Amino acid sequence: MADDCLFCRIASGEIPADIVHTDDEVVVFRDVNPQAPTHVLAIPRRHVASAHELGPDDGELLAALFNALRATADAEGLADGYRIVTNIGPAAGQSVEHLHLHLLGGRRLSWPPG
């Protein structure tokens, strides 16, 4: 845990969030600035700055993140489809230096994004 990291503090329960899923590896909570009817963030409990820092030993963490997102999509009724996005670095729109995957759904999503 990084003491100055907003998402580490959410994962530890120090800062409240609208949590929709939690397990030993992952916390999923609603985005405070939703861009779709369903917009949640999945974060690892362990501090990882971005997907760029992941390596060959992080397969179990990635599986845990995607399993949590699948369970959340099912619980939110997103059978018609949803999008999972992660941003890496400020130029791509990453505003918190802690790996987080956005799950967006509940409306038609256009392509290309942004």
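Trainee: What is the strand order in the open sheet of five strands?

Mentor: The order is β1-β2-β3-β5-β4, and the pairing is antiparallel. This is a predicted model, so local features need pLDDT of at least 70 and side-chain atom pairs count only at pLDDT 80 or more, while totals for chains, interfaces and linings use all residues. Residues are numbered from 1 along each chain as its sequence is written, and side-chain values use heavy atoms, with hydrogens and water left out.

Trainee: What counts as a strand, and when do two strands pair?

Mentor: Strands are DSSP runs of E with at least two residues, helices are runs of H or I with at least four, and both are numbered from the N terminus. Two strands pair if DSSP finds at least two bridges between them.

Trainee: Which are the edge strands?

Mentor: β1 (19–22) and β4, each of which pairs on one side only. From one strand to the next, the twist averages 20°.

Trainee: How many bridges join β1 to β2?

Mentor: Three, with the two strands running antiparallel. Ile19 stands opposite Phe29 in β2.

Trainee: Which helix packs on the sheet?

Mentor: Helix α2, residues 59–75, which touches β1, β2, β3, β4 and β5. Its direction makes about 155° with that of β3. Axes are lines fitted to C-alpha atoms, for helices over the stretch in contact, and angles run from 0 to 180 degrees between N-to-C directions. Contact means heavy atoms within 4.5 Å.

Trainee: Back to β3. Is Ala42 buried or exposed?

Mentor: Ala42 lies in strand β3 and is buried, at 0% relative accessibility. Buried means under 20% relative accessible area, exposed over 50%, and partly exposed in between, with a 1.4 Å probe and protein chains only.

Trainee: What does Ala42 touch?

Mentor: Leaving out residues up to four places away in sequence, Ala42 touches Val26, Val27, Val28, Leu65, Leu69, Leu99, His100 and Leu101.

Trainee: And Asp58, where is that found?

Mentor: In the loop between β3 and α2. Asp58 is buried, with a relative accessible area of 12%. Not counting residues up to four places away in sequence, Asp58 touches Arg46 and Glu53.

Trainee: Is Ala79 buried or exposed?

Mentor: Exposed, at 80% relative accessibility. Ala79 lies in the loop between α2 and β4.

Trainee: New topic. What volume does the largest pocket have?

Mentor: About 660 Å³. Of the 30 residues that line the largest pocket, the closest to its centre are Asp31, Asn33, Gln35, His39 and His102.

Trainee: How are pocket, lining and volume defined?

Mentor: On a 1 Å grid over the protein atoms alone, a pocket is an open set of points with protein on both sides within 12 Å along at least five of seven lines, whereas a cavity is a set where a 1.4 Å probe fits but cannot get out. Lining residues have an atom within 4 Å of a point. Grid points are joined across faces, edges and corners, and a volume is the space filled by probe spheres set on the points.

Trainee: Which element gives the most to that lining of the largest pocket?

Mentor: α1, with three residues.

Trainee: How does the lining of the largest pocket divide by class?

Mentor: It has 15 nonpolar, 10 polar and five charged residues. Ala, Val, Leu, Ile, Met, Phe, Trp, Tyr, Cys and Pro count as nonpolar, Asp, Glu, Lys and Arg as charged, and the others, Gly among them, as polar.
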